[in-house]
Amino acid sequence: MSRTKITAAIAAAALIALTGCGANASANNPASGDDFPKKGKSIDLIVAFGSGGAVDTAARLVQPILEKELGTNVEVINKPGAGGQIGYTALTGAKPDGYTIGATGSPSVVVSPLDPTRGAKYTRASFEPLGRQVIDPAVIAVQPDSPYKTLKDLLDAAKANPKSMTASTTGLQTGEHFALAQIQETTGSVFAPVHFSEGASQATTAFLGKHVDVLVANVSDVTDLTKQGKARVLGIMTAERSPSLPDVPTFKEAGYDVEAGTVRGYSAPAGLPDAIAKKLEAALQKAIEDPTVKEKMSALGLQTSYLSGTDYEKFWAGQEADFKKVLPLVQKKD
Amino acid sequence: MDTLNELLGGFATAMTWQNLLFAFLGCLLGTIIGVLPGVGPVAGVALLIPLTLNLDPAGSIIMLCAIFYGTQYGGTITSVLLNTPGEASSAITTIDGYAMTKLGRAGAALTLAAVGSFVGGTVATIGLVFAAKPLGELGLLVGPPEFFALMVVGISLLVALAGKSMVKAIISGALGLLISMVGIDPVAGAPRFTFGMDRLLDGVSFVAVIVGVFGLSEILSYRKNAETPLVHAPGMRSLLPTRTEWRRSTPAIARGTGVGFGLGLIPGMTGSVSSLLSYAAEKKFSRFRHQLGKGAVEGVAGPETANNAHANAALIPLFTLGIPASPTIAVLMGAFLQQGLTPGPALFTEHSEIAWAIIASLFIGNVLLLLLNVPLVGLWTSILRVPTPILTAVILLFMVIGAYTINFSVFDVFVMIGFGLLGLALRNLDIPLAPMVLTLVLGPLMERSLRESLEISQGDFSVFTSRPISAVLIGVGVLIICSPLLKFHKPKALTEDPEA
Amino acid sequence: MTTESLLTKPERAQRVAPSVLAGIGAFTAVGVYVLVSSVDLGLWTSLGPGPGLFPFAMGGVLVAMSALWLVQELRRPSEKAEGIDRGMVVSVVVSLVLLASVMDLLGFQLSMFLFLLYHLKLRGRRTWMTSVVIALAGSVGAFYAFNYGLNVALPVSAFTPLNLIGL
């Protein structure tokens, strides 16, 4: 009786010790990256905007390929609010172990640390850029029954009666807010901005319900709306016309020198071990450049424009310098 | 036809063995929570959210929904067998349920309650299927000012119904809103009320607050020497109702379904209001009303049907407008948000597969509950025989794990302890907790819609009264808050309860 | 119900309970703090409604309701609440605080085992057999169930001899 008990105890102790060592062995050397990602442990992909916007859609397109490449679950987590700042705070506050990555979009991610009143806890150095996916130009659209048929009509009206029309943005100091500010700066047309800080899908819903007059958004947000005749896009803020909206004139064609848009990519919190960063970067490149993903992206009006982690970082730094100059346009003046 | 196809697709997702398992586990856990005195549905659902965080969104929400309506049924068991309601919404069932137990008809009472719950829940879910699309389209009419006004109505209804004093209920609601404001301002990005702590930038963790305020404070307020009650499971033979009992409960179940479904749609109504009004309806319309209180089946079948119909109908405003109708639904909405699903019209366009899978699982869950509960009554009652110290220890264990796993840090455990003490203080001051849960979830939504509204009107507060829909809603809210002044007294039975 | 309590005359000359006064005082203090700090946050900026606007309103509501409550109490003090089991509250709260403080150091399994043993054996007066079995299941069992079953990592000890044996 007592012998069996002792044997059982020893066996149990051995078992516990063995499993314990096993658990520790894998926990102690994360730097090698060989066992990344741990089987069955899912990777969180933080999207700093609400579901349904272009950032979210792109992330969800990339997700299944990432899962295949990395061999584990990738969960898209929406953390909307404060024009992206809440999600970016969560991303940079996470452990740099590769199990948390996030979609980063400029100007929001570039600008929020530049304005001291926002009290952002992160800077550019808090991110480890993994790859750029897409450039999404800004557009301006009105209700289908609006009296304004051309960009000039609209901007002249907004110039004659400043703040007589409301215009949506996806939050303070986001791409749309900058676009509005740049329009005001170059043309003198003033709209009253309404900030839907959860993201593009909330802004679009409010526009469809006719709660705002003018929709300022990205090409990808209005591609479907235009097809369904629910919005009339008057101008696109790039140098060239967009392939998905070939009939829409650029601001330049109409005689206004305004260029604006959103650039999106993926980043991890800084301090990621190199081996893990390489794995993630490679998987992301595969996913972003996957032909079916590209095809689906262009159906949404998004032209894929991949940049590697290092190049994305350089691009980011360049944007930072550019936006510093225009920041005062969208800061509060008290 | 389109709807039916999507529903069929939903069934295909919900019928995978994993999701069936989640629904089953949810029903099981929910019933246990319902049976356990002390752990109400709010704390129960909040406590189990961390368990589901690592599941995929569909599985996790399916499980939490199952837990949610499982609690509704579990509460019935203790009401009937012990004369102590496990949940507020089953309180009224004790009158005739316990009387039936004394007459030896406990089994029949439980079976009829289960069948009634099944009918009520299924009818309400059918309502959800057909209301979802049209209501979702109506959602476009709801701009920021209307959304704000709708939330004002919901909160004022809850405030008017909760507890004895409206002043205290408003304090509770305001506290919830203030707690929800901790962290980064959702519009301008400035940190608020974080006291310089980086941990608080993401806000106070919702789960830790709910588990503390509802769960821990409940344990802290246990009385000394609470005795373990003696219960005997009814024999299997008595589980089957007689033919007369079936015939008598049919109209009661029909009335209960109507009452529960109708009230479930209104934001701010809790399941207990439905069961109370259904009992009142039986008193008025039943042919056997003179027997109510002496063990009439109508007094069990009616209210139990009503609270389950209510529970399922309350998902309609959540799914279509993104507005939680009751504290428990608010917790459920918190879980949706943590899974990256924003309830509301967008749910059906962006995540229609998941949305329909959840709806399909509601049907499955109702069947599971029917199959699960009646034969397993013996098991449920044996849980009640577990001594209090063991229950307390196990519940504390789950609370600590639950709080820890939200962010994998002991910080949230401390948050939970702190809010447990706050909850205890509020209970001792007789301040109702229900309004706080609702406002905790609604806080960011309310603030955002308020600020968006004011941006639309460029600072003019009349935006809430100049638009017809929001003007009517705000008017209703003001009427509700002022109702005591106008001498619209709420029924006496309603003063005691809500879901806490 | 508000009017009733406002309009009914006091039946007996009772004093307001100190705990109620403390509660009212605390809510007023929180309300005032919120009012002051939300003015600092900015009620209105050149960009529209500011971060302080909504908190300001809530602070105001809290102060106003506390004042109303005080008036009600002065007219008709509420009945005394049932007493709480102070020993129970202290033991649960202190044990939880201790558990949370040492969990990262001792690891989940050891600290939870001691915590459960305290509640089951010392406070709950269960038999040794029951206490140890439940405490083991709740600590070691839960650790492995969560770690391997649900992929949820509970903390391991920070001390070398302990974490080497998997605690």
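First a term I need: helices (H or I, at least four residues) and strands (E, at least two) are DSSP runs, numbered from the N terminus. This is a predicted model, where local features need pLDDT of at least 70, side-chain atom pairs count only at pLDDT 80 or more, and totals for chains, interfaces and linings use all residues. Residues are numbered from 1 along each chain as its sequence is written, while chains are lettered from A and ligands numbered from 1 in the order in which they are written.

**Entry: chain C**

I checked the UniProt record, an unreviewed entry, and it lists residues 20-41, 53-72, 92-116 and 128-146 of chain C under "transmembrane region". Such positions are given in the numbering used here, feature names are shortened, and annotations may be inferred rather than shown by experiment. I then looked at residues 20-41 of chain C: 100% helix, 0% strand, with end C-alpha atoms 31 Å apart. Residues 53-72 of chain C are also 100% helix and 0% strand, and their end C-alpha atoms are 29 Å apart.

**Entry: chain B against chain C**

I count two residues as in contact if their C-beta atoms, placed from the backbone, lie within 7 Å. The contact takes 53 residues from chain B and 52 from chain C. Which helix gives the most to the side of chain B that touches chain C? I found H18(B), with 11 residues. That side of chain B divides into 37 nonpolar, 6 polar and 10 charged residues. Here Ala, Val, Leu, Ile, Met, Phe, Trp, Tyr, Cys and Pro count as nonpolar, Asp, Glu, Lys and Arg as charged, and the others, Gly among them, as polar.

**Entry: domains of chain A**

The domain assignment, automatic or from a database, gives domain 1 (43-135 + 263-330) and domain 2 (137-261) of chain A. Their C-alpha centres lie 24 Å apart. The contact takes 26 residues from domain 1 of chain A and 28 from domain 2 of chain A. I note 13 nonpolar, 12 polar and 1 charged residues on the domain 1 side.

**Entry: around Ile62(B)**

Leaving aside neighbours within four places in sequence, I see Ile62(B) in contact with residues including Ala14(B), Phe22(B), Gly26(B) and Ile358(B).

**Entry: confidence in chain B**

pLDDT is the predictor's confidence in each residue, from 0 to 100. Chain B has a mean of 81, and 91% of its residues reach 70 or more. Among the elements of chain B, helix H15 (residues 345-350) has the lowest mean pLDDT (72) and H19(B) the highest (92). I flagged residues 487-500 of chain B, where the pLDDT is below 50; beyond near neighbours in sequence, this stretch has 37 contacts in the model.
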